[in-house]
Amino acid sequence: MPLTLRLILYPAFAFFCLLVFSILLFPFDSLKNRFEGEIEKGLGGGFSVTVGKISPALLSGVTLKNLEIRSKKNDAKVKLERAKLKIALFPLLWGKKNISLAVKSGPSSIEGRMIIGKETLRLDLDLDKMDIAIGRILTSLSLPLAGTISGQIKLDLYPTDPLRNAGKVHLVFPDFRLDEGATLGGFPLPSVMLSKGDSSGIDIEVNRGNWEVKLFKFEGGDLQLEAVGKVFAARRIENYRWNLQGTFQPAPGSEEKLSFLSLVGDQKGEDGKYPLSISGKLSKPAIRIGTFQLPI
């Protein structure tokens, strides 16, 4: 074998062996515990995380299998079949974490990228039939919403300076419903199909921290709704303010199911629609149907 070829092949073979044995002998059980702790920390400490199995994925990636996230508040849980994470190495030199992710759970999937800097968080995510239960648990949302969401999220977030937030959100609600257990002004609500089909969804543009709702629409269910407006930003999230205007009307044959409409029957317009407005602080909105303010 020529000397030049040996000088190339021998180091390459040695590096390959080093790489293979490093992967085979790496203490992934210890890494699994570290991942569980880091995910719990990233979710704010209100959840317990269990990883069934962890394995390598290329040079700087890992695959987490049978990932379970359980709420410490109400014991609600969500299970993910597989979550594949890969960290780009060179951005670490500048203090940034560039993470590619691919999450799979049944027909639901989330793919995209997160770039975490010292003062910034960039999200570029594609959602395909994402189970709403995942979002409910991670946000501790008490409303019994169910169904799936598809779409794109592209946001540049500045946690310490939210007035610089920017980006776009486009989501489609092909199957979205409110299960039994919710109340409105003390009145129990029945199970309500909110949307069915790809014409329902929400489009948001974020500029200088303000979230402009270009379209918020429910169609194909028991309740047809359309609204636009803004959520005005502030330095503190509790001081964000709603300013949404729209209309809604029950689908034919749904009036009896939506018993709360008996409270606002005199607010219905000649076109059969009820005017809707949402104002006030983000954490305590004032919801009005016509001139009637819901007692929430």
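# Cut-offs and conclusions

Colleague: Why is Glu-68 called buried?

Modeller: Glu-68 has a relative accessible area of 16%. Buried means under 20%, exposed over 50% and partly exposed in between, with a 1.4 Å probe and protein chains only. So 16% puts Glu-68 in the buried class.

Colleague: What kind of model is this, and how are residues counted?

Modeller: This is a predicted model, where local features need pLDDT of at least 70 and side-chain atom pairs count only at pLDDT 80 or more, while totals for chains, interfaces and linings use all residues. Residues are numbered from 1 along each chain as its sequence is written, and side-chain values use heavy atoms, with hydrogens and water left out.

Colleague: How do you know that Glu-68 and Lys-79 form a salt bridge?

Modeller: Their closest N and O atoms are 3.8 Å apart. A salt bridge needs a side-chain nitrogen of Lys or Arg within 4 Å of a carboxyl oxygen of Asp or Glu. The 3.8 Å pair therefore qualifies. Glu-68 sits in strand E2 (residues 61-71) and Lys-79 in strand E3 (residues 77-88), 11 residues apart. Strands (E, at least two residues) and helices (H or I, at least four) are DSSP runs, numbered from the N terminus.

Colleague: Is Lys-79 buried or exposed?

Modeller: Exposed, because its relative accessible area is 53%.

Colleague: What makes Asp-161 and Arg-235 a salt bridge?

Modeller: The closest N and O atoms are 2.4 Å apart. Asp-161 lies in the loop between strands E7 (145-157) and E8 (166-178), and Arg-235 in the loop between E14 (223-232) and E15 (241-250), so the pair ties together parts 74 residues apart in sequence.

Colleague: Why is Arg-235 called exposed?

Modeller: Its relative accessibility is 57%, so Arg-235 counts as exposed.

Colleague: How do you know that Arg-177 and Asp-175 meet in a salt bridge?

Modeller: The N to O distance is 3.9 Å. The definition asks for within 4 Å, so the pair counts. Asp-175, Arg-177 and Asp-179 are linked in a network of salt bridges.

Colleague: Which class do Arg-177 and Asp-175 fall into?

Modeller: Arg-177 has 28% relative accessibility, so it counts as partly exposed. Asp-175, at 22%, is partly exposed as well.

Colleague: How many salt bridges does the structure hold?

Modeller: The structure holds 9.

Colleague: What makes a group of residues a patch of positive charge?

Modeller: Patch residues have over 30% relative accessible area and no salt bridge, with like charges joined within 9 Å and nonpolar side chains (Val, Leu, Ile, Met, Phe, Trp, Tyr) within 5 Å. Lys and Arg count as positive and Asp and Glu as negative; His and the chain ends are not counted. The charge is placed at NZ of Lys, CZ of Arg, CG of Asp or CD of Glu. Areas come from the Shrake-Rupley method with a 1.4 Å probe, and for residues only the protein chains shown count as cover.

Colleague: Which residues gather in the positive patch?

Modeller: Lys-53, Lys-65, Arg-82, Lys-84, Lys-86 and Arg-113 gather there on the surface. E3 gives the most, with 3 residues. Lys-53 belongs to strand E1 (residues 47-57).

Colleague: Why is Phe-232 called partly exposed?

Modeller: Its relative accessible area is 34%, which means partly exposed. Phe-232 lies in strand E14.

Colleague: What does Phe-232 touch, leaving out residues up to four places away in sequence?

Modeller: Asn-210, Tyr-240, Arg-241 and Asn-243. Contact means heavy atoms within 4.5 Å. The C-alpha atoms of Phe-232 and Glu-212 are 8.2 Å apart, although the two are 20 residues apart along the chain.

Colleague: Why is Gly-280 called buried?

Modeller: Gly-280 has 14% relative accessibility, so it counts as buried. Gly-280 is found in strand E16 (residues 274-281). Beyond four places in sequence, Gly-280 contacts Tyr-240, Arg-241 and Trp-242.

Colleague: What is phi of Asn-66, in degrees?

Modeller: About 55 degrees, a positive value although Asn-66 is not a glycine. Asn-66 is in strand E2. At 55% relative accessibility, Asn-66 counts as exposed.

Colleague: What share of the chain counts as buried?

Modeller: 35% of the 296 residues. The chain has 3 helices and 18 strands.
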